Amino acid sequence: MELEQAIDLINAALVAKDGKSLTDAEVAIITGAWQGQTYSAIAEASGYSLSYLSTDIGPAFWRRLSHALGEKVSKTNVRSVVERHGRQIRDRGRGERGAAEVLSSSSSLVRRGSRAASSPSSPLHTDWGEAIDVSLFYGRSEELQSLQQWVLAERCRLVAVLGMGGIGKTSLVAKLAQQIAPQFEYVIWRSLRNAPPLETLLGELVTFLSNQTDTQAEVVRLLHWLQTQRCLVILDNLETILQPGNRAGQYRSDYQHYGELFKLLGEVQHQSCVLLTSREKPSEVAALEGDPAVQMLALVGSAETAQGLLEARGLAGSLRHKQELAERYSCNPLALKIVASSIQDVFDGSIEEFLQQEVILFNGIRRLLEQQFERLSHLEQSIMYWLAINREWSTIAELAEDIVPPIARARLLEALESLSWRNLIERGQGRYTQQPVVMEYVTNRFVEQVVNEIVNRDVDWLGSHVLLKTTVKEYVRETQQRLIVAGVASQLQTVFGTVARIEARLQDLLKRLQSWSAPPVYAAGNLLNLCCHLQLDLTGYDFSNLPIRHACLQNVSLHRVNFTASQFSHSIFSRVSGAILSVAFSPDSRLLATGDDRGEVCLWSVAADQLVLSKQGHSNWVRSVAFSPDGTLLASGSDDKTICVWQTQTGRILHTLRGQTDWVQQVIFSPNSTMLVSANDRSLQLWDVQTGQPLHQFQEKDWVRSIALSPDGQYLASSSDDQVIRLWEIDTRQLVNQWQTSARVWSVAFNADATLLAGASEDHTILLWDTHTSQVVQKLRGHTDRICAIAFSPDGQVLVSGSEDWSLRLWDMQQGRCLRVLRKHGDSVLSVAYSPDGQFIASGSRDQSFILWDVSTAESSKIQHGYNNQISSAILSPDQQILASSGSDQTIKLWDADTGRLLRTLAGHGGWVWSLAFAPLHSPLGNQILASGSSDQTIRIWNYATGQVQTTLHGHTGFVRSLAFSPDGSILISGSGDKTLRLWDVQTGQVLLTQAYPSWVRSVAFSPAGERFASAGGDGVVSLYDTQTRQVLHTFQGHEAAIQAIAFSAEGDLLASGSDDCTVRLWHVKTGEALHILRQHTNWVRSIAFNIDGHLLASGSDDGKINLWDVKSGRLIRTLSGHEYPVRSVVFTSIFPSKGPCLISGSSDQTIRFWNVQTGDCWKTIRTARPYEGMNITGVTGLTEAQRATLKALGAVETAADYACKA
């Protein structure tokens, strides 16, 4: 019999006998006894003290188990007794498995730490979230009866359970939910303890209640599902979204929309019930009192519950004494638990002796907690603070690492045991946390302590504890930021009045730290995080020679900050990155590889969330990365037509595989690591890993988008633009099967045993084929845009998909339904991967970030944000006085074109700003109008003189790639990734024309006279339209790949187009004739522009070069070199008389360059200051070489580069 089955059987026997499940300590004893361990070994493994297990718990447990099984059971014979009982059950026809299933839910709860509630008879769909275990529940029969009457008989729409902290609201509602769950189709429990934004909560509720078919985070959608089916929704800890202060029931800033939700839930007819628990009555709920569909239960202390708790605590005393004790503390369960521990400690369990002392009555739960806290030792107080900071279950090892100075493990265990006895902490399987009311009190106390220390220029708790941790999960850090860091900042503003005075005090503390020979380890990091939260200008600050732990320095400007000889630990920084095109885990799940659109390959430590290695081995996009199964090699495939094979330990390139005719879409290692498979253009290539030589080539009929190798390495699946998925046998090199699809498939993947092949389609669906029958067995729907990547979990039970709708979805393969929708990215999700151990999902996005998702919680565990202010557009105003630039930092910058001085930054878009267009002078909207198009799918019309948005145009469902105004400024044309071109009436904002295309529309342009406009995109075709009739006049065909840019000459008789086929073509507008094909570029052509007289043409490319062409002859005149990355924008100007004709270029290398056209010299370069410009990192410790290089790339300086090596 397996240990898990034994625990199930024992638990079932105990529940059947006395109705009580196993506790965590009892599970630990069984586990150790089953494995033949001594009590000493069990204590070491579980974290409980030896005396607690062997003296307090063990003897009582063995007596209880003996009584349940009907024979004597001890630590030495438990295995034989339980196995014999298991055989007897099997012989009676039930079997060990059946016995386990009797209470599989309750026993699994014990193994998870008794944190989740289970229902006796599960309804159709349940999500118990953070519901607590209520297997031990006393009294409240009248309250349960009232609630059942309201919810079931009277079918109330909204029920609120109100009461002070610790009174038992959560336990009561959890017990009720267990009892009535079978009467509902859907049951979902959500705790608001971390105050989620309403949109986040709505997203989870709508997704669950719709059975994953609806992901619109809107109140109207929630009401729809509450109306169409019978649902039970429990929202616990509502008080966390209410504003503390004099007026109860008012909402915190940014949470007022919750009130509107509760008002609608109570007023609008629906067949469901929403249960709330709160310490305060929300104002909207109070206003609905009297409505028979809305009920409120004011929960007070229960004598029955109090007596049950005191009996369970084993206190000695008469019934009268117990009643007096319960009444003294208003029968508050939490208060009684805490007081009971004091009676055990101080009065040897005697209630009478305690009462005789005439102990001062505590004024409410806060005063009670204050009294208890004051009695704690310094170490116990420190543990309480750390548990409140960590906010989730903490292990002994985690607490030992947190506490400074370090303490002996035995002391830590003793302190934890003491806190457990005092009922101030909760315990489960060697992990610890606090009840919400306790955590709230301790958090507030910690904030007050820190504020007092700052006011008094002290650093006791501020130096020994952190305000936030960089090593916790992302959502926990967000809560630490909001409750602790923001809490301290808010109270400091109350004390000091102005931010300037706060800054002066923080500078005083910083100077004090630097005067000490051994400054407290957490103080400097805390001050740094506090300064960042207050948005202080840290330019010139001095943090030299200080230990800096848990500093969160992402998206922070640290210009000229001095960190000389500082000791960094657990600190996170911004990193240089482009869009994350590819992600892959190492076989041991310890490393994550990423590839981006800057040609960079990075290796990250998953556990430490730290950059280990960063290599620039490619000159263009890295579309794919893959580890060899033995973990020693990493392959990367790029748009530069090469594959690099790297040694993972050293980062050295072992082979560079050449010979591809175009970009490398994907690379995969064979299971034995000896062969590499690549997808390139219209072929699949097999390579010998050891020699780097090609072995075989499979020919495809069109562009290959994705490949997948079966786990046994026998079969290779490919998808291509001809809408066919092909299956190749590796050994025979033969095509063995193929499937026709109705749309292009962008990603394919095999499940664990290769019985299923999944394909992510351009039509927003995922198809699943049975590889034996060749039949489609599932079609998964839910995404609202193209699906870019898919991956199976290691066991094949779950499929993850990433889409251009900015979301990930987890799909249940057995039921064919969406389990969860994950939303955190700010742009398209381009890549996904499952860790081999099944614990994490990685996703990479165009928003320059990658996220590690915790599979068990479906929450973001780590987010790495990239910084890279790539310039996507740089244009001149009609009077050529203003230069506007935009890019990946989601802003628009306005520069003085003459001096290069930054004049203004326009912020408001929620994604990459791809396109800009100035309106002509005297346009209908005025003289200073600028339009911007973004990946947030909107177009904004700005008055750039005031910096205000005049209009926001909605309608596109993909990124807005290109914009152009008509010469009179009345019409704006836009091209988008949603495969449409749109004409807009600028004054009304109305759409005049929507034209569908077979692919993305990447470039649009008006002719100088405005009688024509042109568009081009992914299909490689230029379409010319009549502006008045809006009919197509010509289509110019000839390019062999997508067109990135088009431009009319000044006279309007010529049109130029630049393409991914690395060519520029010059077309005669009237005849459609291709006059010249210009072929000097070695990579995609991103941008083109004619000069004012139409004699010169400039083209910018991903090869970093700008070519100047003679339009008449097609001759290359000059190449301008200097940019390190793709040149995305070029524009001619004549505003610099002393320089002659000039060209301005914007690049992905974050610079704008000014060129002399006649000499080819770059005479000026401007760029926005990088985040760490001038930051001194001389002699710092605690940084990896990769981190050090990243900081330098973002502007940091190291004046003694060899310092660290010599130290």
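**Entry 1: the whole thing**

First a reminder to myself that this is a predicted model. I looked up the secondary structure count and got 28 helices and 70 strands. Next I checked the extent of the C-alpha trace, which spans about 110 × 75 × 70 Å along the principal axes. Then I wanted to know how the radius of gyration sits against a compact globule. For 1207 residues the globule value would be near 33 Å, and the protein has 34 Å, so the two agree.

**Entry 2: helix pairs**

I noted two things per pair, because packed helices are described by the angle between their axes and the distance between the axes. I took the pairs in chain order.

*α2 and α3.* I started with α2 (residues 24-34) and α3 (residues 39-46), whose axes come within 9 Å and cross at roughly 125°. That angle makes α2 oblique to α3. The crossing of α2 past α3 is right-handed. Which residues make the contact? From α2 I listed Ala 28, Ile 29, Gly 32 and Ala 33, and from α3 Tyr 39, Ile 42 and Ser 46. Sorted by class, the α2 contact with α3 comes to 5 nonpolar, 2 polar and no charged residues.

*α14 and α15.* Here α14 (residues 303-313) packs on α15 (residues 319-328) at about 115°, and the axes are 10 Å apart. I logged the passage of α14 past α15 as right-handed. On the α14 side the contact uses Ala 306, Gln 307, Leu 310 and Glu 311. On the α15 side I found Leu 319, Lys 322, Gln 323, Leu 325 and Ala 326. How many charged residues does the contact of α14 with α15 have? I counted 2 charged, along with 5 nonpolar and 2 polar.

*α25 and α26.* I looked up α25 (residues 499-515) and α26 (residues 523-533), which pack at an angle of about 160° with axes 11 Å apart. α25 is therefore roughly antiparallel to α26. I have α25 passing α26 in a left-handed crossing. The α25 side of the contact is a run of leucines: Leu 506, Leu 509, Leu 510 and Leu 513. Facing them from α26 are Ala 523, Ala 524, Leu 527, Leu 530 and Cys 531. By class, the contact of α25 with α26 has 9 nonpolar residues, no polar and no charged ones.

**Entry 3: sheets**

*β19 to β22.* This is an open sheet of 4 strands in the order β19-β20-β21-β22, and the pairing is antiparallel. Which strands stand at the edges? They are β19 (622-627) and β22 (653-657); each has a single partner strand, so one side of each has no neighbour in the sheet. The twist from one strand to the next averages 15°. Zooming in, I saw β20 (residues 633-638) and β21 (residues 643-647) pair in the antiparallel sense over 5 bridges. I also noted that Leu 633 stands opposite Gln 647 in β21.

*β31 to β34.* Another open sheet of 4 strands, in the order β31-β32-β33-β34, again with antiparallel pairing. The edge strands are β31 (745-750) and β34 (776-781), and one side of each lacks a neighbour in the sheet because each has a single partner strand. For this sheet I wrote down an average twist of 20° from one strand to the next. Inside the sheet, β32 (residues 756-761) and β33 (residues 765-770) pair in the antiparallel sense over 5 bridges. I marked Leu 757 as standing opposite Trp 769 in β33.

I looked up the peptide bond joining Val 404 and Pro 405, and it is cis, with omega about -10°. Pro 405 lies in the loop between α20 (396-402) and α21 (409-421).

Then I checked Lys 641, where phi is near 75°, a positive value in a residue other than glycine. Where is Lys 641 found? Lys 641 is in the loop between β20 and β21, the strand pair I had noted with 5 bridges.

Conventions. Residues numbered from 1 in each chain as written. Predicted model: local features only at pLDDT ≥ 70, side-chain atom pairs only at ≥ 80, totals over all residues. Heavy atoms only, no water. Pairing = 2+ DSSP bridges. Helix = DSSP H or I, 4+ residues; strand = E, 2+ residues; numbered from the N terminus. Axes fitted to C-alpha atoms, helices over the stretch in contact; angles between N-to-C directions. Parallel < 35°, antiparallel > 145°, perpendicular 65-115°, else oblique. Left-handed = near helix turned anticlockwise from the far one by under 90°. Contact = heavy atoms within 4.5 Å. Nonpolar A, V, L, I, M, F, W, Y, C, P; charged D, E, K, R; others polar. Rg over C-alpha atoms; globule rule 2.2 N^0.38 Å.
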